[in-house]
Amino acid sequence: MEENKTLVEVTTDKILRYLKEMQLQVGDKLPNEYELSDYLEVGRSTVREAVRALASRNILEVRQGAGTFVSDKRGIANDPLGFSLIEDQDRMIRDLFELRYLLEPKMAGLAAEYATKNQIVQMKKLTQKIETSFREGTQEHVQLDIDFHTMIAEASGNVALLHIIPIINESIALFNKNYDIQHLKIETIDIHTEIVQAIERRNALAAFDAMTVHMAINRRELQKIIGEKETN
């Protein structure tokens, strides 16, 4: 929520919206600092900090003496695939879940074969912490859920999957940020437990099936929400 953000963070979000609304492309030049300050109704120092933040994420490029331009790297850094620049966030989340649906069941199956005892212990602890966060009504479950799926990816022993973790994490973060489906929290606790138990038993098929169910339930609810938004 914007009330929890600093003025620089809010301004950064406004600049990102400006890029989308004006349909600026790679290499396009942004208005100068004075013009952006007037347009965004903030001080020049705030604009400067926001631009610096976006430049650090390789979304913008500041060229000394020339101005500020849309970077050709399109967000390689904190935003490796430029997700923040995609206007249709609902479609992006839906497509990311399709990717997760293809990858994560196999990943869980591999984890059942290769997970270390310590990794399984960590999965159990994360499952318990997620349940506690749900019960206490805190937002810690968002990061904990990311950590849980990341641990399974690491336990799979597949080096390529480790490089895909940021994509998976972004999907989880966006899903938790944009939607709050209460009954999914109970299902999440149950299915996470089932996944970990299958991994601990070294039952790759059961782990694959449990993760498939997990992804299918989330995908179904997401499609339902997006469908309702499109018809309204």
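**View 1. Helix α2 and its two faces.** The face of α2 turned away from its buried side carries Tyr-34 and Asp-38, which are exposed (exposed means over 50% relative accessible area, buried under 20% and partly exposed in between, with a 1.4 Å probe and protein chains only). This is a predicted model, in which local features need pLDDT of at least 70 and side-chain atom pairs count only at pLDDT 80 or more, whereas totals for chains, interfaces and linings use all residues. Residues are numbered from 1 along each chain as its sequence is written, and side-chain values use heavy atoms, with hydrogens and water left out. Helix α2 spans residues 33–40, and its buried residues are Leu-36, Ser-37 and Leu-40. These lie on the same side of α2 because they cover an arc of only 105 degrees around the axis, the arc being taken from the directions from the helix axis to the C-beta atoms. Helices (H or I, at least four residues) and strands (E, at least two) are DSSP runs, numbered from the N terminus.

**View 2. The surroundings and ends of α2.** The buried residues of α2 pack against α1 (7–21) and α3 (44–56), contact meaning heavy atoms within 4.5 Å. At the N-terminal end, Asn-32 caps the helix through a side-chain oxygen 3.1 Å from the backbone nitrogen of Tyr-34, while just after α2, Glu-41 adopts a positive phi of about 60 degrees.

View 3. Val-62 has Thr-68 of β2 as its bridge partner, and Arg-63 stands opposite Gly-67. Three residues lie between the strands, and Gly-65 in this hairpin takes a positive phi near 80 degrees.

**View 4. The nonpolar cores.** Of the 30 residues in the largest nonpolar core, Met-123, Phe-148, Ile-152, Ile-195 and Ile-199 touch the most other members; such a core is a set of buried Ala, Val, Leu, Ile, Met, Phe, Trp, Tyr and Cys residues joined through side-chain atoms within 4.5 Å. A second, separate core of 16 residues includes Leu-24, Leu-40, Val-51 and Leu-54.

Terms used: Pairing = 2+ DSSP bridges. Polar contact = N/O pair within 3.5 Å; in protein donor to acceptor, adjacent residues only side chain to side chain.
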